[in-house]
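User: I would like to see how the labels on this model follow from its values. Please take me through some of them.

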Amino acid sequence: METPVYVFTGLLESGKTTLIYEVAGEEDFLEPGTTVLVQCEEGEVPLSEEFLRKSSIVLLTAEEPEDLNEMLWKRIERDYQPTQVLVEYNGMWETEKLFDCGMPEDWYIGGIYTTINAETADMYMTNMRKMFMEPLKASNLIIINRCDEDIDKIKFRRTIKGLNPQCQLAFESRDGEMMENAVDEMPFDYRGDVVEIDDMDYGLWYVDAIEHPSRYMGKEIRFTAKFCASQEPGKDYFIPGRHVMTCCEDDIQFLGFICYFQKGQTEGFQHEDWVKVKVDFDFGEHEMYGYDEGPILSLVSIEPGEKPQQELVTFT
(Lines give C-alpha, C1' and ligand atoms only; values in the text may rest on other atoms or scores of the structure.)
Protein backbone atom coordinates (compact mmCIF):
# COMPACT_ATOMS: atom_id res chain seq x y z
CA MET A 1 0.00 0.00 0.00
CA GLU A 2 1.37 3.42 -0.97
CA THR A 3 2.16 5.83 1.87
CA PRO A 4 2.23 9.59 1.29
CA VAL A 5 4.94 11.68 2.95
CA TYR A 6 4.12 15.34 3.58
CA VAL A 7 7.08 17.64 4.19
CA PHE A 8 6.80 20.90 6.14
CA THR A 9 9.90 23.04 5.81
CA GLY A 10 11.11 26.57 6.48
CA LEU A 11 13.55 28.35 8.74
CA LEU A 12 13.22 28.37 12.53
CA GLU A 13 10.16 30.23 13.83
CA SER A 14 8.61 30.47 10.37
CA GLY A 15 5.39 28.72 11.43
CA LYS A 16 5.91 25.08 10.43
CA THR A 17 4.37 23.61 13.58
CA THR A 18 1.41 25.99 13.41
CA LEU A 19 0.78 24.88 9.83
CA ILE A 20 0.83 21.23 10.93
CA TYR A 21 -1.81 22.05 13.56
CA GLU A 22 -3.92 23.70 10.87
CA VAL A 23 -3.75 21.00 8.22
CA ALA A 24 -4.23 18.19 10.75
CA GLY A 25 -7.48 19.89 11.73
CA GLU A 26 -8.76 19.97 8.16
CA GLU A 27 -11.37 17.32 7.49
CA ASP A 28 -9.87 15.73 4.36
CA PHE A 29 -6.10 16.13 4.85
CA LEU A 30 -5.19 13.20 7.11
CA GLU A 31 -6.59 9.81 6.19
CA PRO A 32 -7.94 7.69 9.07
CA GLY A 33 -5.25 5.64 10.78
CA THR A 34 -1.87 6.25 12.39
CA THR A 35 0.17 9.27 11.36
CA VAL A 36 3.87 9.41 12.15
CA LEU A 37 5.36 12.87 12.55
CA VAL A 38 9.15 13.14 12.39
CA GLN A 39 10.16 16.45 13.95
CA CYS A 40 13.63 17.68 12.98
CA GLU A 41 13.65 20.78 15.16
CA GLU A 42 11.49 22.00 18.01
CA GLY A 43 9.77 25.23 17.10
CA GLU A 44 8.25 28.09 19.05
CA VAL A 45 4.88 26.30 19.22
CA PRO A 46 4.99 22.97 21.13
CA LEU A 47 3.00 19.96 20.03
CA SER A 48 0.60 19.13 22.83
CA GLU A 49 -0.12 15.59 23.97
CA GLU A 50 -3.83 16.26 23.53
CA PHE A 51 -3.32 17.28 19.89
CA LEU A 52 -1.17 14.22 19.15
CA ARG A 53 -3.65 11.87 20.77
CA LYS A 54 -6.69 13.42 19.11
CA SER A 55 -5.05 13.29 15.67
CA SER A 56 -3.61 9.76 16.15
CA ILE A 57 -0.10 11.10 15.63
CA VAL A 58 3.04 9.34 16.83
CA LEU A 59 5.84 11.87 17.40
CA LEU A 60 9.46 10.96 16.65
CA THR A 61 12.50 13.23 16.55
CA ALA A 62 15.59 13.53 14.34
CA GLU A 63 18.41 15.77 15.52
CA GLU A 64 20.78 15.44 12.56
CA PRO A 65 20.23 14.99 8.80
CA GLU A 66 21.91 11.59 9.08
CA ASP A 67 19.11 10.45 11.41
CA LEU A 68 16.78 10.41 8.40
CA ASN A 69 17.94 7.13 6.93
CA GLU A 70 16.72 3.79 5.64
CA MET A 71 16.84 2.26 9.13
CA LEU A 72 14.49 4.92 10.52
CA TRP A 73 11.94 4.53 7.74
CA LYS A 74 11.98 0.74 7.99
CA ARG A 75 11.44 0.99 11.75
CA ILE A 76 8.50 3.35 11.23
CA GLU A 77 6.96 1.04 8.66
CA ARG A 78 7.44 -2.03 10.85
CA ASP A 79 6.32 -0.57 14.18
CA TYR A 80 3.48 1.75 13.12
CA GLN A 81 2.26 0.84 9.60
CA PRO A 82 1.43 4.53 9.13
CA THR A 83 -1.36 5.76 6.88
CA GLN A 84 0.77 8.82 6.23
CA VAL A 85 4.05 10.35 7.40
CA LEU A 86 4.67 14.00 8.20
CA VAL A 87 8.18 15.44 8.32
CA GLU A 88 8.75 18.78 10.05
CA TYR A 89 12.03 19.39 8.25
CA ASN A 90 14.83 21.64 9.47
CA GLY A 91 15.06 24.56 7.05
CA MET A 92 18.83 24.70 7.49
CA TRP A 93 19.20 21.22 5.98
CA GLU A 94 19.43 20.59 2.24
CA THR A 95 16.03 19.52 0.94
CA GLU A 96 17.54 17.32 -1.78
CA LYS A 97 18.99 14.96 0.86
CA LEU A 98 15.48 14.11 2.02
CA PHE A 99 14.66 12.69 -1.42
CA ASP A 100 17.60 10.30 -1.31
CA CYS A 101 17.56 8.90 2.22
CA GLY A 102 16.28 5.37 1.67
CA MET A 103 12.50 5.69 1.99
CA PRO A 104 10.56 2.51 1.13
CA GLU A 105 9.67 2.12 -2.53
CA ASP A 106 5.93 2.39 -1.90
CA TRP A 107 6.29 5.73 -0.08
CA TYR A 108 5.97 8.91 -2.11
CA ILE A 109 6.20 12.66 -1.51
CA GLY A 110 2.60 13.82 -1.28
CA GLY A 111 3.42 17.49 -0.90
CA ILE A 112 6.09 19.95 0.22
CA TYR A 113 4.88 22.99 2.15
CA THR A 114 7.17 25.88 3.06
CA THR A 115 6.48 28.63 5.56
CA ILE A 116 8.15 32.06 5.52
CA ASN A 117 8.04 34.62 8.31
CA ALA A 118 7.50 37.99 6.61
CA GLU A 119 9.13 39.74 9.58
CA THR A 120 12.54 38.20 8.85
CA ALA A 121 12.28 37.37 5.13
CA ASP A 122 14.06 40.50 3.87
CA MET A 123 16.95 39.95 6.28
CA TYR A 124 17.40 36.35 5.18
CA MET A 125 17.15 37.22 1.48
CA THR A 126 19.81 39.90 1.89
CA ASN A 127 22.27 38.07 4.14
CA MET A 128 21.57 34.34 3.65
CA ARG A 129 19.90 34.25 0.26
CA LYS A 130 21.07 30.83 -0.93
CA MET A 131 20.06 29.09 2.30
CA PHE A 132 16.74 30.95 2.36
CA MET A 133 15.84 30.10 -1.24
CA GLU A 134 16.98 26.46 -1.26
CA PRO A 135 13.86 24.86 0.29
CA LEU A 136 11.58 26.90 -1.98
CA LYS A 137 12.72 25.18 -5.17
CA ALA A 138 10.74 21.96 -4.66
CA SER A 139 7.77 23.36 -2.72
CA ASN A 140 4.20 22.85 -3.87
CA LEU A 141 2.81 25.50 -1.52
CA ILE A 142 4.65 28.48 0.01
CA ILE A 143 2.92 30.49 2.73
CA ILE A 144 4.29 33.89 3.73
CA ASN A 145 2.79 34.57 7.14
CA ARG A 146 2.72 37.45 9.64
CA CYS A 147 2.25 39.94 6.82
CA ASP A 148 1.41 43.62 7.32
CA GLU A 149 -1.02 45.28 4.92
CA ASP A 150 1.82 47.17 3.19
CA ILE A 151 3.89 44.06 2.38
CA ASP A 152 5.33 44.16 -1.14
CA LYS A 153 3.54 41.06 -2.46
CA ILE A 154 4.69 41.61 -6.03
CA LYS A 155 8.37 41.63 -5.03
CA PHE A 156 8.02 38.34 -3.14
CA ARG A 157 5.93 36.76 -5.88
CA ARG A 158 8.38 37.64 -8.65
CA THR A 159 11.36 36.40 -6.63
CA ILE A 160 9.75 33.10 -5.65
CA LYS A 161 8.00 32.42 -8.96
CA GLY A 162 11.28 32.97 -10.77
CA LEU A 163 12.74 30.12 -8.74
CA ASN A 164 9.68 27.85 -8.71
CA PRO A 165 7.05 28.94 -11.26
CA GLN A 166 4.69 26.02 -10.58
CA CYS A 167 4.27 26.57 -6.83
CA GLN A 168 1.21 28.02 -5.16
CA LEU A 169 1.98 31.17 -3.19
CA ALA A 170 -0.19 32.49 -0.37
CA PHE A 171 0.04 35.47 1.98
CA GLU A 172 -1.29 35.31 5.53
CA SER A 173 -1.90 38.32 7.76
CA ARG A 174 -0.77 38.60 11.39
CA ASP A 175 -4.17 37.41 12.56
CA GLY A 176 -3.97 34.27 10.42
CA GLU A 177 -6.34 35.37 7.65
CA MET A 178 -5.46 34.74 4.02
CA MET A 179 -4.78 37.90 2.01
CA GLU A 180 -5.57 38.58 -1.64
CA ASN A 181 -2.68 38.29 -4.06
CA ALA A 182 -1.66 41.56 -5.69
CA VAL A 183 -2.38 41.96 -9.40
CA ASP A 184 0.93 42.30 -11.17
CA GLU A 185 0.65 44.62 -14.16
CA MET A 186 3.06 43.90 -16.98
CA PRO A 187 5.36 46.54 -18.53
CA PHE A 188 4.22 45.44 -22.02
CA ASP A 189 0.87 45.49 -23.78
CA TYR A 190 -0.79 42.07 -23.87
CA ARG A 191 -4.21 43.24 -25.07
CA GLY A 192 -3.69 42.86 -28.82
CA ASP A 193 -3.43 39.77 -31.00
CA VAL A 194 0.38 40.13 -31.10
CA VAL A 195 2.42 40.48 -27.91
CA GLU A 196 5.99 41.75 -28.24
CA ILE A 197 8.28 40.86 -25.32
CA ASP A 198 11.37 43.02 -24.90
CA ASP A 199 14.58 41.29 -23.78
CA MET A 200 14.43 42.82 -20.30
CA ASP A 201 10.81 41.68 -19.80
CA TYR A 202 11.23 37.98 -20.59
CA GLY A 203 11.32 36.93 -16.92
CA LEU A 204 8.13 38.81 -16.08
CA TRP A 205 6.35 37.35 -19.10
CA TYR A 206 7.54 33.83 -18.24
CA VAL A 207 5.96 33.97 -14.77
CA ASP A 208 2.82 35.75 -16.00
CA ALA A 209 2.27 33.21 -18.78
CA ILE A 210 2.04 30.48 -16.13
CA GLU A 211 -0.11 32.45 -13.70
CA HIS A 212 -2.40 34.23 -16.21
CA PRO A 213 -2.43 32.15 -19.39
CA SER A 214 -5.79 33.61 -20.45
CA ARG A 215 -3.97 36.86 -21.26
CA TYR A 216 -2.09 35.11 -24.04
CA MET A 217 -4.37 32.30 -25.27
CA GLY A 218 -4.62 32.23 -29.06
CA LYS A 219 -2.20 35.12 -29.47
CA GLU A 220 1.13 35.40 -31.26
CA ILE A 221 4.04 36.01 -28.89
CA ARG A 222 7.36 37.40 -30.12
CA PHE A 223 10.58 37.26 -28.12
CA THR A 224 14.34 36.60 -28.25
CA ALA A 225 15.61 33.38 -26.66
CA LYS A 226 18.23 30.67 -26.74
CA PHE A 227 17.48 27.67 -28.93
CA CYS A 228 17.46 24.59 -26.68
CA ALA A 229 17.31 21.54 -28.95
CA SER A 230 15.84 18.23 -27.84
CA GLN A 231 18.43 15.65 -26.83
CA GLU A 232 16.43 13.03 -28.72
CA PRO A 233 17.03 13.15 -32.50
CA GLY A 234 13.99 13.57 -34.69
CA LYS A 235 11.75 15.22 -32.11
CA ASP A 236 9.38 17.92 -33.39
CA TYR A 237 9.92 20.38 -30.56
CA PHE A 238 12.56 22.60 -28.98
CA ILE A 239 12.57 24.95 -25.99
CA PRO A 240 13.15 28.66 -26.53
CA GLY A 241 14.22 30.16 -23.22
CA ARG A 242 16.63 32.18 -21.15
CA HIS A 243 18.93 31.55 -18.17
CA VAL A 244 18.13 33.01 -14.76
CA MET A 245 20.29 33.33 -11.65
CA THR A 246 17.92 33.00 -8.71
CA CYS A 247 20.35 33.41 -5.82
CA CYS A 248 23.99 32.84 -6.84
CA GLU A 249 26.19 31.76 -9.75
CA ASP A 250 25.88 28.12 -8.63
CA ASP A 251 22.12 28.27 -9.04
CA ILE A 252 21.62 29.33 -12.67
CA GLN A 253 18.73 27.56 -14.40
CA PHE A 254 17.15 27.61 -17.84
CA LEU A 255 13.55 28.82 -18.12
CA GLY A 256 11.58 28.09 -21.24
CA PHE A 257 8.41 26.53 -22.63
CA ILE A 258 8.04 23.62 -25.01
CA CYS A 259 7.56 24.75 -28.60
CA TYR A 260 6.43 22.48 -31.44
CA PHE A 261 7.51 23.09 -35.04
CA GLN A 262 6.78 21.79 -38.52
CA LYS A 263 9.33 19.80 -40.50
CA GLY A 264 12.10 22.05 -41.84
CA GLN A 265 11.16 25.14 -39.80
CA THR A 266 14.23 24.95 -37.52
CA GLU A 267 16.68 23.67 -40.13
CA GLY A 268 20.09 25.33 -39.76
CA PHE A 269 19.67 26.34 -36.09
CA GLN A 270 21.93 24.78 -33.50
CA HIS A 271 21.63 24.20 -29.77
CA GLU A 272 22.23 27.46 -27.80
CA ASP A 273 21.88 29.73 -30.85
CA TRP A 274 20.22 33.05 -30.08
CA VAL A 275 16.95 33.26 -32.04
CA LYS A 276 14.00 35.56 -32.52
CA VAL A 277 10.78 33.55 -32.50
CA LYS A 278 7.13 34.14 -33.23
CA VAL A 279 4.93 31.54 -31.55
CA ASP A 280 1.25 30.80 -31.07
CA PHE A 281 0.31 30.38 -27.40
CA ASP A 282 -1.75 27.58 -25.89
CA PHE A 283 -2.02 26.11 -22.39
CA GLY A 284 -2.58 22.54 -21.23
CA GLU A 285 -1.23 19.39 -19.60
CA HIS A 286 2.18 18.20 -20.74
CA GLU A 287 4.77 15.70 -19.56
CA MET A 288 7.38 18.48 -19.50
CA TYR A 289 5.43 20.03 -16.62
CA GLY A 290 5.00 16.74 -14.78
CA TYR A 291 1.59 16.38 -16.45
CA ASP A 292 0.48 19.60 -14.78
CA GLU A 293 -0.74 22.43 -16.99
CA GLY A 294 1.64 24.87 -18.59
CA PRO A 295 2.22 26.93 -21.75
CA ILE A 296 2.49 24.99 -25.01
CA LEU A 297 3.87 26.98 -27.93
CA SER A 298 3.66 26.39 -31.69
CA LEU A 299 6.34 27.94 -33.88
CA VAL A 300 5.14 30.47 -36.45
CA SER A 301 8.58 31.65 -37.58
CA ILE A 302 12.19 31.72 -36.42
CA GLU A 303 15.21 33.81 -37.40
CA PRO A 304 18.67 34.51 -35.99
CA GLY A 305 18.60 36.76 -32.92
CA GLU A 306 21.10 38.92 -31.08
CA LYS A 307 22.37 38.13 -27.61
CA PRO A 308 20.69 40.53 -25.11
CA GLN A 309 22.91 43.09 -23.37
CA GLN A 310 21.86 41.52 -20.06
CA GLU A 311 22.05 37.81 -20.73
CA LEU A 312 20.70 36.60 -17.37
CA VAL A 313 16.99 37.04 -16.72
CA THR A 314 15.64 39.22 -13.91
CA PHE A 315 12.12 39.47 -12.50
CA THR A 316 11.88 43.21 -11.92
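User: Why does Trp205 count as buried?

Analyst: This is a predicted model. Buried means under 20% relative accessible area, and Trp205 has 0% relative accessibility, so Trp205 counts as buried.

User: What makes Trp205 and Phe223 an aromatic pair, and why is the pair called tilted?

Analyst: Ring centres must lie within 6.5 Å, and these two are 5.1 Å apart, centre to centre. The planes are 35 degrees apart; stacked needs under 30 and edge-to-face over 60, so the pair is tilted. Trp205 lies in helix H8 and Phe223 in strand E10, so the pair ties together parts that are 18 residues apart in sequence. Phe223 is buried too, with a relative accessible area of 1%. Trp205 and Phe223 are among the members of one aromatic cluster, including also Tyr190 and Phe281.

User: How many aromatic pairs are there by this rule?

Analyst: The count is 20. One of the pairs is Trp73 with Trp107, 5.8 Å centre to centre. Their planes are 65 degrees apart, and over 60 counts as edge-to-face, so that is the label here.

User: Why is Glu41 called buried?

Analyst: Glu41 has 14% relative accessibility, and the limit is under 20%, so Glu41 counts as buried.

User: What makes the approach of Glu41 to Lys16 a polar contact?

Analyst: The two side chains are 2.7 Å apart in this contact; the cut-off is within 3.5 Å, so the distance qualifies.

How values were computed. Residues are numbered from 1 along each chain as its sequence is written. This is a predicted model: local features need pLDDT of at least 70, side-chain atom pairs count only at pLDDT 80 or more; totals for chains, interfaces and linings use all residues. Side-chain values use heavy atoms; hydrogens and water are left out. Buried means under 20% relative accessible area, exposed over 50%, partly exposed in between (1.4 Å probe, protein chains only). A polar contact is a pair of N or O atoms within 3.5 Å; within protein, one must be able to donate a hydrogen and the other to accept it, and residues adjacent in sequence count only if both atoms are side-chain atoms. Rings of Phe, Tyr and Trp (its six-membered ring) pair if their centres lie within 6.5 Å; planes under 30 degrees apart count as stacked, over 60 as edge-to-face and the rest as tilted. Helices (H or I, at least four residues) and strands (E, at least two) are DSSP runs, numbered from the N terminus.
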